[in-house]
Amino acid sequence: MTTSSSEQGVSLGMPQLPAPAYPDDVRERLERDAREIIARYPDSRSALLPLLHLVQSEEGHVTRTGMQFCADVLELTTAEVTAVATFYTMYRRKPSGDYQVGVCTNTLCAVMGGDAIFEELQEHLGVGNGETTGDGKVTLEHIECNAACDFAPVVMVNWEFFDNQTPASAKRLVDDLRAGRDVEPTRGARLCTFKETARILAGFPDERPGAVEESGSAGPASLVGLRLAKGEAAPARVVHPRDGGPHDEPQNREVHEPSPTEHLSSHDAPQDTSASDPAHPAGPAAEEGE
C-alpha cells in the first residue's frame, strides 16, 4: 500500500511565479535612471550596487520585481542579482518604515549603553529587530560599527548620526519621528525618508535646498588624530604612571590641559614618532640581524 505525499505530511508546493513587472511608466522612468547609472562604469555589471539602491527607492525595499529589473538591464541572471541583494544589509528584503532607526550594538557603543538603548526601544515601540511599527513610520534594527566611536553610543536614522544617546533621548527621537515633528541630526543634513535616502545612495543629487551645505564635517573628537598627524595639536599633557611611582619630568615643560571635546585618557601619553619627535624620524624597519 502506498501513501500519498499529503498523508506523509510532505508539501511539494508550487513553483514560484515570475516576478510581476513594473507598470510601463515606472519602468520607463527607472530605465532612464538606470542608463545614467550604467554610463558611469566601464563594465555595466559594476552598476549593480547603485541600481539596487535605485529600485529600493521605488518601493522602500528590494522586491523580486526590482531584482528582475536589475538583471534585465545588466544582462545578469536573477541568481547573480539575488546573491548581491541578500549579502549587503543596506538592502531591505521586506517592507520597512519611512525611518530606519539603527542602534549600534558593537563593542564600544554596547559598553557605553547601546544595548540598553536597543532593549528599551524594542519595548517602547513594541517591535523586534528588523521589525516595523504598525504606522509604518519606524523600522528598528541593531547595526554594526558606524565609525563614530568617539560619540558612543550612536543611533542612526536613515544613515544620519544621532550622537551620545541615552535610552530617554532615543525614545524621544522615535516619538518625534512617528509624530512627524522636525528632527535634526547631531551631524549631517536634515532627515529625509528612507526612499529619498536610497535614491541619493544610488548616486543622484540631493535636491533638498541647502542639504549639501548642511552636511558638515567630522566632530572635534574625530579630528584630534588628524591634528596630531599634521603637527597642529597643542603640546601633549604629561600623563603620570597609574601606580603613582617615580617618574622623570622635564623641567619647565608646558602642560596641556585638554578641552572636554578631546576625550584624552591615559592612553594619550606622548610617543616618539616622526611626527612628534623630529630627532627620531621614522624609517624602514631593519631586517632581522641588521
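Q: A disulfide is a pair of cysteine sulfur atoms within 2.5 Å; how many disulfides does the count come to by this rule?
A: The count comes to 0 disulfides. This is a predicted model, in which local features need pLDDT of at least 70 and side-chain atom pairs count only at pLDDT 80 or more, while totals for chains, interfaces and linings use all residues. Residues are numbered from 1 along each chain as its sequence is written, and side-chain values use heavy atoms, with hydrogens and water left out.

Q: What makes cysteine 104 buried or exposed?
A: The label follows relative accessible area: under 20% is buried, over 50% is exposed, and partly exposed lies in between (1.4 Å probe, protein chains only). Cysteine 104 has 3% and is therefore buried. Cysteine 70, at 0%, is also buried.

Q: How many helices and strands does the secondary structure of the protein come to?
A: Helices are DSSP runs of H or I with at least four residues, and strands are runs of E with at least two, both numbered from the N terminus. By that rule the protein comes to 9 helices and 5 strands. From the N terminus on, the elements run α-α-α-α-β-α-β-β-β-β-α-α-α-α. Of the 290 residues, 33% count as buried.

Q: What makes H3 oblique to H4?
A: Axes are lines fitted to C-alpha atoms, for helices over the stretch in contact, and angles run from 0 to 180 degrees between N-to-C directions. Angles under 35 degrees count as roughly parallel, over 145 as roughly antiparallel, 65 to 115 as roughly perpendicular, and the rest as oblique. Helix H3 (residues 64-74) and helix H4 (residues 78-85) pack at about 120°, with their axes 9 Å apart. That angle makes H3 oblique to H4.

Q: Which residues of H3 and H4 make the contact?
A: With contact meaning heavy atoms within 4.5 Å, H3 supplies Met67, Gln68, Cys70 and Ala71, and H4 supplies Thr78, Val81, Thr82 and Ala85. Ala, Val, Leu, Ile, Met, Phe, Trp, Tyr, Cys and Pro count as nonpolar, Asp, Glu, Lys and Arg as charged, and the others, Gly among them, as polar. On that basis the contact has 5 nonpolar, 3 polar and no charged residues.

Q: Why are H2 and H7 roughly antiparallel to each other?
A: H2 and H7 pack at an angle of about 160°, with their axes 8 Å apart. This angle lies in the range given for roughly antiparallel, so the pair takes that label. The contact is made by His53, Leu54, Gln56, Ser57, Glu58 and Glu59 of H2 and Phe194, Lys195, Ala198, Arg199 and Leu201 of H7. Its residues divide into 4 nonpolar, 3 polar and 4 charged.

Q: What makes leucine 121 buried or exposed?
A: Leucine 121 has a relative accessible area of 1%, below the limit, and is therefore buried. Its place is in helix H5 (residues 107-125). Leaving aside neighbours within four places in sequence, its contacts are Val101, Val103, Gly126, Leu140, Ala170, Lys171 and Val174.

Q: What kind of peptide bond joins alanine 152 and proline 153?
A: The bond is cis, with omega about -5°. Proline 153 is in the loop between strand E3 (138-143) and strand E4 (155-157).

Terms used. A disulfide is a pair of cysteine sulfur atoms within 2.5 Å.
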